[in-house]
Amino acid sequence: MNDMRLVERDVDATDIKIKARNVQVYYGASHAIKDVDVDILDKTVTAFIGPSGCGKSTFLRCLNRMNDTIDIARIEGQILLDGEDIYDKRVDPVQLRAKVGMVFQKPNPFPKSIYDNVAYGPKIHGLTRSKAELDEVVEKSLRRAALWGEVKDRLDKPGTGLSGGQQQRLCIARAVATSPEVLLMDEPCSALDPIATAQVEELIDELKQNFSVVIVTHSMQQAARVSQRTAFFHLGNLVEYGETGQIFTNPSDPRTESYITGRIG
Amino acid sequence: MEPHIASVFDRDLEAVQAMIMKMGGVVEAQILDSAQALESRDAELAEKVRVTDRVVDELEERVNAEAARLLALRQPTASDLRTVLAVMKIAASLERVGDYCKNMAKRSHVLANMPSINGSGMALRRMAKTVEGMMKDALDAYIKRDVELAQDVLSRDQDVDQMYNALFREFLTYMMEDPRNITPCMHLHFIAKNIERMGDHATTVAEQVIYLVTGNMPDEPRPKTESVMPADLGDGED
């Protein structure tokens with residue numbers, strides 16, 4: 001009777017992909033992430049929700065060391081990807097980001113052809129040995145991003161000439177081209193119309209067959225629609241983390257309840 | 001709990017809850033009036049109960065329409081969602097109770113032209129009074145979000161079952177004594193059964209209060225009387 005999402009639960013993965021322990025992030029003097037522990041599951045969509053400035057994007061950016069690019073950012077604690085510390089000195093952040101891909105809020109295709117946008121990652125990481133192999137990766141990635149049918153006859157045209165929704169799916173194709181294991185998405189639909197949003201959401205659902213997907217979203221309905229796990233952040237704390245159906249029908253923390261019912265901003 | 005940022009959401013939720021309270025008030029009066037009409041053979045009061053049922057039906061439709069609107073436009077979550085789900089179930093229960101009252105009113109028209117069965121009117125009115133008290137407390141528990149009071153309502157349902165069982169035996173005895181009692185006793189038995197069902201609807205309302213507040217349905221099945229007597233024989237509706 002309490003199982004609101006029996007079907008999803010049956011297929012739920014239990015393997016932990018990313019294990020974060022006592023994670024603290026400081027931007028200069030400000031303490032942006034406070035002691036966050038979380039287990040991100042493999043082959044599962046995890047949504048990070050919370051009001052602006054709660055730290056959800058900051059935490060997301062820790063997962064592929066994007067915060068390394070910010071001088072004043074300092075990270076403490078442990079983030080393990082398949083048991084290995086991603087902040088270990090021996091880890092090359094560029095290699096890490098091939099494994100932990102990212103899609104941003106605004107579609108940001110390179111000012112290159114559609115083909116080159118997708119081929120870029122595999123090329124610089126030396127993932128393919130021949131043109132034929134690269135062609136194959138490009139096609140497979142575009143298919144995965146549900147864009148192949150729309151662009152297969154104009155692969156040499158600039159990626160920036162596509163519509164917003166298509167550009168975002170191109171960025172997703174670019175992200176999956178390096179065969180990542182985790183896909184981070186920071187507000188991937190906020191610049192898209194409802195139809196393009198639905199397409200991207202459908203895509204996220206398909207991507208979870210192969211990847212662990214973590215999505216930051218301001219739309220609680222979107223979090224409810226696409227994710228199996230939801231984490232609610234507030235003032236730098238991870239307030240509550242649990243099964244999405246439970247979070248949206250019967251959250252245990254009053255702060256979660258207030259936020260998802262539209263009582264605090 | 002603090003108000004929503006969108007104040008119109010609060011107004012909509014309050015409006016639908018006000019409809020439930022209005023429905024509850026009408027239905028409580030229906031229960032008492034129909035039992036009173038039966039006991040005192042008051043055809044006018046019975047007619048009033050019959051006509052008022054339409055008001056209850058209309059209110060239920062309005063509650064459902066408003067709940068559908070809230071679901072579509074506000075996508076309620078957590079306790080808001082549970083409120084919307086609960087008002088729909090409570091409205092359905094109240095509507096059923098209204099129907100039972102109407103049925104009782106119709107039967108009291110028929111019974112008015114038959115020999116009276118000793119003491120049955122009073123016993124049924126006492127049973128109706130108990131059920132009305134349960135419904136009143138269930139609705140109070142709803143408004144106050146009072147789980148303890150709702151639990152109390154659940155525990156009182158067995159009293160109603162006991163009253164029903166006692167009446168069942170009594171009617172059976174009257175029917176065996178004199179076949180001329182069969183027709184009125186059959187009607188009276190249906191009335192008793194209907195009142196017993198009203199008690200079940202009061203417990204449904206109380207269960208919804210517990211779900212609304214805690215997010216879970218009550219764990220324990222509500223207490224049942226020991227004997228395998230009529231209330232337990234089961235029509236599968238329980």
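The model is predicted: local features require pLDDT of at least 70 and side-chain atom pairs count only at pLDDT 80 or more, whereas totals for chains, interfaces and linings use all residues. Residues are numbered from 1 along each chain as its sequence is written, and chains are lettered from A and ligands numbered from 1 in the order in which they are written.

**Chain A as a whole**

Chain A contains 11 helices and 10 strands; helices (H or I, at least four residues) and strands (E, at least two) are DSSP runs, numbered from the N terminus. Its radius of gyration is 18 Å, close to the 18 Å that the globule rule gives for 265 residues, so chain A is as compact as a globular protein of that length. This radius is taken over C-alpha atoms, and the rule is 2.2 Å times the number of residues to the power 0.38. The C-alpha trace of chain A spans about 55 × 45 × 30 Å along its principal axes. Of the 265 residues of chain A, 46% count as buried. A residue is buried if 20 or more other C-beta atoms lie within 10 Å of its own, exposed if 12 or fewer, and partly exposed in between, with C-beta atoms placed from the backbone. Among contacts in chain A between residues at least 6 apart in sequence, 69% join residues at least 24 apart; a contact requires C-beta atoms, placed from the backbone, within 7 Å.

**Helix packing**

In chain A, helix α4 (residues 114-124) and helix α7 (residues 164-176) pack at an angle of about 30°, with their axes 7 Å apart. Axes are lines fitted to C-alpha atoms, for helices over the stretch in contact, and angles run from 0 to 180 degrees between N-to-C directions. α4(A) and α7(A) are therefore roughly parallel; that term covers angles under 35 degrees, with over 145 roughly antiparallel, 65 to 115 roughly perpendicular and the rest oblique. I114(A), N117(A), V118(A), Y120(A) and G121(A) of α4(A) meet L170(A), A173(A) and R174(A) of α7(A).

In chain B, the axes of helix α4 (residues 120-144) and helix α5 (residues 147-177) come within 9 Å and cross at roughly 165°. α4(B) and α5(B) are therefore roughly antiparallel to each other. The residues of their contact divide into 12 nonpolar, 1 polar and 5 charged. Ala, Val, Leu, Ile, Met, Phe, Trp, Tyr, Cys and Pro count as nonpolar, Asp, Glu, Lys and Arg as charged, and the others, Gly among them, as polar.

**I210(B)**

I210(B) lies in helix α6 (residues 182-214) of chain B and counts as buried, with 23 C-beta neighbours inside 10 Å. Residues up to four places away in sequence aside, I210(B) touches V147(B), A150(B), M217(B) and P218(B).

**The interface**

In the contact between the chains, 15 residues of chain B meet 15 residues of chain A. Helix α3 (residues 78-111) of chain B supplies the largest share of the chain B side, 4 residues. By class, that side has 7 nonpolar, 6 polar and 2 charged residues.

Key:
Two residues are in contact if their C-beta atoms, placed from the backbone, lie within 7 Å.
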